[in-house]
Amino acid sequence: MQASSQQQATLLEVQHHDTTLLQLSHRRANLPQISQGLDLEAKLGSLQLKLVAIKTEISDICLAQAKADNDVQQVVQRAERDQQRLDSGAVSSPKDLEALAHEIQSLRKRQVELEDVELEIMEQLEQARTAQLEIEAQVAETITELEQVTKSRDDEFADIDALIDAETSARTQLASTLDSELLALYDKVRVDLGGVGAALLHRGACQGCHISLDATEVDRIRHLPAETVVRCEECRRILVRTSESGL
């Protein structure tokens with residue numbers, strides 16, 4: 001393939017834009033805010049599950065508390081009725097009076113037991129509500145942190161996208177001045193070899209694969225016409241010759 005020295009030099013400029021675009025894409029895909037955001041989203045999801053669990057627990061405790069309240073109330077009311085019967089004199093049989101007094105005593109004892117259960121449930125409810133407040137605070141804090149990280153990430157995206165747009169525009173304009181056959185060869189090699197399609201031949205070494213050419217190959221290239229497009233014998237990239245090539 002033949003191409004003027006100017007065309008080959010322009011190829012290096014296009015390569016510079018393509019390398020910059022690769023670097024910008026890599027930077028965009030590896031912003032620390034991306035992993036930070038994912039970590040925060042995972043944390044938020046975990047906290048929200050905990051919040052659902054503690055609310056369910058509180059609901060269950062409230063039901064248990066209502067039942068305990070009702071149990072206490074029933075025992076109190078029954079004890080009051082028995083006490084009224086005892087005080088009214090309606091029961092005259094000594095045996096019935098003894099049984100009634102015994103039942104009142106048992107009900108008072110049962111009331112104490114139920115009130116202890118009631119207090120225990122109230123303590124559980126207080127602890128659960130405290131835990132709910134703590135989780136809600138963590139959720140709010142995590143949401144705020146996630147919003148800040150997301151904004152920082154989006155700001156970085158916008159800056160990088162602007163640079164990518166500028167580089168792409170400059171690359172497109174420059175590439176349009178190249179011979180289509182030369183550009184097609186460059187693009188094919190660039191895609192096949194990880195983004196570098198053309199490299200400077202610098203002091204006898206390919207700057208694409210960084211391997212020095214042997215003396216015979218350097219001598220062969222030295223005697224080729226300037227318009228001949230040279231390929232690296234090691235990596236097959238297009239080698240661009242300049243005054244720094246050591247020829």
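A residue is taken as exposed when its relative accessible area is over 50%, as buried when that area is under 20%, and as partly exposed in between. In the predicted model described here, Arg203 has a relative accessibility of 70% and therefore counts as exposed, whereas Arg236, at 42%, counts as partly exposed. Across the protein, buried residues make up 34% of the 247 residues.

The protein contains five helices and four strands, and from the N terminus on these elements follow the order α-α-α-α-β-β-α-β-β. The radius of gyration is 42 Å, well over the 18 Å that the globule rule gives for 247 residues, so the protein is more spread out than a compact globule. The spans of the C-alpha trace along its principal axes are about 135 × 35 × 25 Å. Among contacts between residues at least 6 apart in sequence, 75% join residues that are at least 24 apart.

Helix H2, formed by residues 32-88, and helix H3, formed by residues 94-175, have axes that come within 6 Å and cross at roughly 165°. Because angles over 145 degrees count as roughly antiparallel, this crossing makes H2 roughly antiparallel to H3. The handedness of the crossing between H2 and H3 is left-handed, and the contact of H2 with H3 comprises, by class, 32 nonpolar, 11 polar and 20 charged residues.

Helix H3 is also paired with H1, and the axes of H1 and H3 come within 9 Å, crossing at roughly 160°. That angle makes H1 roughly antiparallel to H3, and the crossing of H1 and H3 is left-handed. Sorted by class, the contact of H1 with H3 has 10 nonpolar, four polar and eight charged residues.

The remaining pair to be described joins H1 with H4. The axes of helix H1 (residues 5-29) and helix H4 (residues 180-192) come within 11 Å and cross at roughly 40°, an angle that makes H1 oblique to H4. In this pair H1 passes H4 in a right-handed crossing. The contact is made by Gln7, Leu11, Val14, Gln15 and Asp18 from H1, together with Leu182, Tyr186 and Arg190 from H4. By class, the contact of H1 with H4 has four nonpolar, two polar and two charged residues.

The backbone angles of two arginines complete the description. Most residues other than glycine have a negative phi. Arg203, although not a glycine, has a positive phi of about 50°, and this residue is found in the loop between strand S1 (198-202) and strand S2 (205-206). Arg236, likewise a residue other than glycine, has a positive phi near 70°, and its position is in the loop between strand S3 (230-231) and strand S4 (238-241).

Notes
Residues are numbered from 1 along each chain as its sequence is written. This is a predicted model: local features need pLDDT of at least 70, side-chain atom pairs count only at pLDDT 80 or more; totals for chains, interfaces and linings use all residues. Side-chain values use heavy atoms; hydrogens and water are left out. Axes are lines fitted to C-alpha atoms, for helices over the stretch in contact, and angles run from 0 to 180 degrees between N-to-C directions. Angles under 35 degrees count as roughly parallel, over 145 as roughly antiparallel, 65 to 115 as roughly perpendicular and the rest as oblique. A crossing is left-handed if the near helix is turned anticlockwise from the far one by less than a right angle, and right-handed if clockwise. Contact means heavy atoms within 4.5 Å. Ala, Val, Leu, Ile, Met, Phe, Trp, Tyr, Cys and Pro count as nonpolar, Asp, Glu, Lys and Arg as charged, and the others, Gly among them, as polar. The radius of gyration is taken over C-alpha atoms; the globule rule is 2.2 Å times the number of residues to the power 0.38. Buried means under 20% relative accessible area, exposed over 50%, partly exposed in between (1.4 Å probe, protein chains only).
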